[in-house]
Amino acid sequence: STFYRYYPDIYELWAEIEEDCFIDLISRINLPDARDPKVFFSDLFDAINVNQILTPTALQHADSSMLIPKIMEHYKRVAFAIWQTNQPELSKRQLEYRFSILLGALTATVQEWIQNGMKDSSDAIAEMMKELGFWGLFEE
């Protein structure tokens with residue numbers, strides 16, 4: 001069949017779809033302005049919202065999707081810089097743990113938002129995430 005001419009199996013097709021989603025999402029996030037966590041989260045939720053068919057499908061099962069971790073890897077440097085500025089006594093290990101907490105919280109929030117039909121605005125979710133402050137992760 002034509003399908004197998006381009007993809008050895010359905011998993012290869014899914015990997016390509018996920019990679020296309022990643023490229024689209026990351027192109028919509030303004031990382032130079034991401035020092036304010038709300039800007040980053042707002043851009044991320046806006047990007048997910050723009051492609052309401054493909055992106056939620058790719059993120060629906062975030063436990064098996066590498067999409068959020070790949071996006072967050074681009075933000076890691078910025079998050080570390082914020083934390084090191086606000087709390088210079090933090091060790092590399094503490095920064096890594098904080099980033100793991102952030103990644104888990106974001107993954108769960110994205111899943112919850114999608115499962116609820118993405119009814120809340122991107123800005124409302126981004127503001128909520130910033131207000132939570134991840135237990136002081138972004139607090140000065």
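**Exercise 1.** In which helix is the place of Ser100? Work out, too, whether Ser100 is buried, exposed or partly exposed.

*Solution.* A word on the ground rules: this is a predicted model, where local features need pLDDT of at least 70 and side-chain atom pairs count only at pLDDT 80 or more, while totals for chains, interfaces and linings use all residues. Residues are numbered from 1 along each chain as its sequence is written, and side-chain values use heavy atoms, with hydrogens and water left out.

- Step 1: Find Ser100, and you land in helix 6. Helices here are DSSP runs (H or I, at least four residues), numbered from the N terminus.
- Step 2: Check the surface. Buried means under 20% relative accessible area, exposed over 50%, and partly exposed in between, using a 1.4 Å probe and protein chains only. Ser100 has a relative accessible area of 46%, so it is partly exposed.
- Step 3: Look across to Pro69. Ser100 and Pro69 sit 31 residues apart in sequence, and their C-alpha atoms are 9.7 Å apart in space.

**Exercise 2.** Sort out the pairing of Phe80 with Trp83 and with Phe99.

*Solution.* Rings of Phe, Tyr and Trp (its six-membered ring) pair if their centres lie within 6.5 Å; planes under 30 degrees apart are stacked, over 60 edge-to-face, and the rest tilted.

- Step 1: Count the aromatic pairs, and you get three in the structure.
- Step 2: Take Phe80 and Trp83: the ring centres are 5.9 Å apart and the planes meet at 40°, so this pair is tilted. Both residues belong to helix 5, three residues apart, about one turn of the helix.
- Step 3: Phe80 is buried at 9% relative accessible area, and Trp83 is buried at 0%.
- Step 4: Now pair Phe80 with Phe99: 6.1 Å between centres and 75° between planes make it edge-to-face. This pair links distant parts of the chain, with Phe80 in helix 5 and Phe99 in helix 6, 19 residues apart.

Note on methods. Helix = DSSP H or I, 4+ residues; strand = E, 2+ residues; numbered from the N terminus.
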